[in-house]
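This report describes the secondary structure elements, the packing and the charged pairs of a single model. Please read the text beside the sequence and the structure displayed below.

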Amino acid sequence: MSAYAISEVEMRDATDFESYRSMAAKAIAQYGGRYLVRGGAATLIEGGPPPKTIIIVEFPTMERLREWYGSPEYAKALRVRQTALDRRLVFVEGVAPV
């Protein structure tokens, strides 16, 4: 069953942000992930506060998502993330195919 990493981010440093983004994308692909949403326009319909930049990445399974997050490849990106951006990150299991 697919699993999703949903991030809401706010850039802190443009140079570090680009470095993080590049390293994260490589690690995501290596662990079978693919971007579904990568910072497109977001419109608040209900609730609050207004959304920041939203990123949604799909992985084949929750196990694979967790492997990516704990991987040595992504650890390099996480070190840069500290100065690149502020983030809320949520892991969500998808719905089983019907």
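Ser7 is buried, with a relative accessible area of 9%; buried denotes under 20% relative accessible area, exposed over 50%, and partly exposed the range in between, computed with a 1.4 Å probe and protein chains only. The model is a predicted one, in which local features need pLDDT of at least 70 and side-chain atom pairs count only at pLDDT 80 or more, while totals for chains, interfaces and linings use all residues. Residues are numbered from 1 along each chain as its sequence is written, and side-chain values use heavy atoms, with hydrogens and water left out.

Ser7 belongs to strand S1; strands are DSSP runs of E with at least two residues, helices are runs of H or I with at least four residues, and both are numbered from the N terminus. Apart from neighbours within four places in sequence, Ser7 touches Thr53, Ile54, Ile55, Arg87, Arg88 and Leu89, where contact means heavy atoms within 4.5 Å.

Ile6 also lies in S1, which covers residues 3–11. Ile6 is partly exposed, at 31% relative accessible area. Together with Val90 and Val92, Ile6 makes up a nonpolar surface patch of about 180 Å² of accessible area. Such patches consist of residues with over 30% relative accessible area and no salt bridge, in which nonpolar side chains (Val, Leu, Ile, Met, Phe, Trp, Tyr) are joined within 5 Å and like charges within 9 Å. The areas come from the Shrake-Rupley method with a 1.4 Å probe, and for residues only the protein chains shown count as cover.

Helix H1 comprises 17 residues (14–30) and extends 24 Å from its first C-alpha to its last, close to the 24 Å expected at 1.5 Å a residue. The expected span is 1.5 Å times one less than the number of residues. Ala14 is located in H1 and is partly exposed at 48% relative accessibility.

Which residues of H1 are buried? They are Phe17, Tyr20, Ala24, Ala27 and Ile28. These residues cover an arc of only 100 degrees around the axis and therefore lie on the same side of H1; the arc is that of the directions from the helix axis to the C-beta atoms. The face turned away from the buried side carries the exposed residues Thr15, Lys26 and Ala29. The buried residues of H1 pack against S1, strand S2 (34–38), strand S3 (53–59), helix H2 (62–69), helix H3 (72–84) and strand S4 (85–93).

The buried residues of H3 are Tyr74, Ala77, Leu78, Val80, Arg81 and Ala84. Their cover includes S1, H1, H2 and S4.

**Salt bridges**

Side chains of opposite charge can pair when their charged atoms come close. The structure contains five salt bridges, each defined as a side-chain nitrogen of Lys or Arg within 4 Å of a carboxyl oxygen of Asp or Glu. The table lists some of them.

| Pair | N to O distance |
|---|---|
| Arg88 and Glu8 | 3.7 Å |
| Arg34 and Glu58 | 2.8 Å |
| Arg64 and Glu67 | 2.7 Å |

The bridge between Arg88 and Glu8 links distant parts of the chain, with Arg88 in S4 and Glu8 in S1, 80 residues apart. Arg88 is exposed at 56% relative accessibility, whereas Glu8 is partly exposed at 23%.

In the bridge of Arg34 with Glu58, Arg34 lies in S2 and Glu58 in S3, so the pair ties together parts that are 24 residues apart in sequence. Arg34 is partly exposed at 49%, while Glu58 is buried at 14%.

Arg64 and Glu67 are three residues apart in H2 and are therefore separated by about one helical turn. Arg64 is partly exposed at 30%, and Glu67 is partly exposed at 32%.

**The loop between H1 and S2**

Gly32 occupies the loop between H1 and S2 and is partly exposed at 40% relative accessibility. Leaving aside neighbours within four places in sequence, Gly32 contacts Glu58, Phe59 and Pro60. The C-alpha atoms of Gly32 and Asp86 are 25 Å apart, and the two residues are 54 residues apart along the chain.
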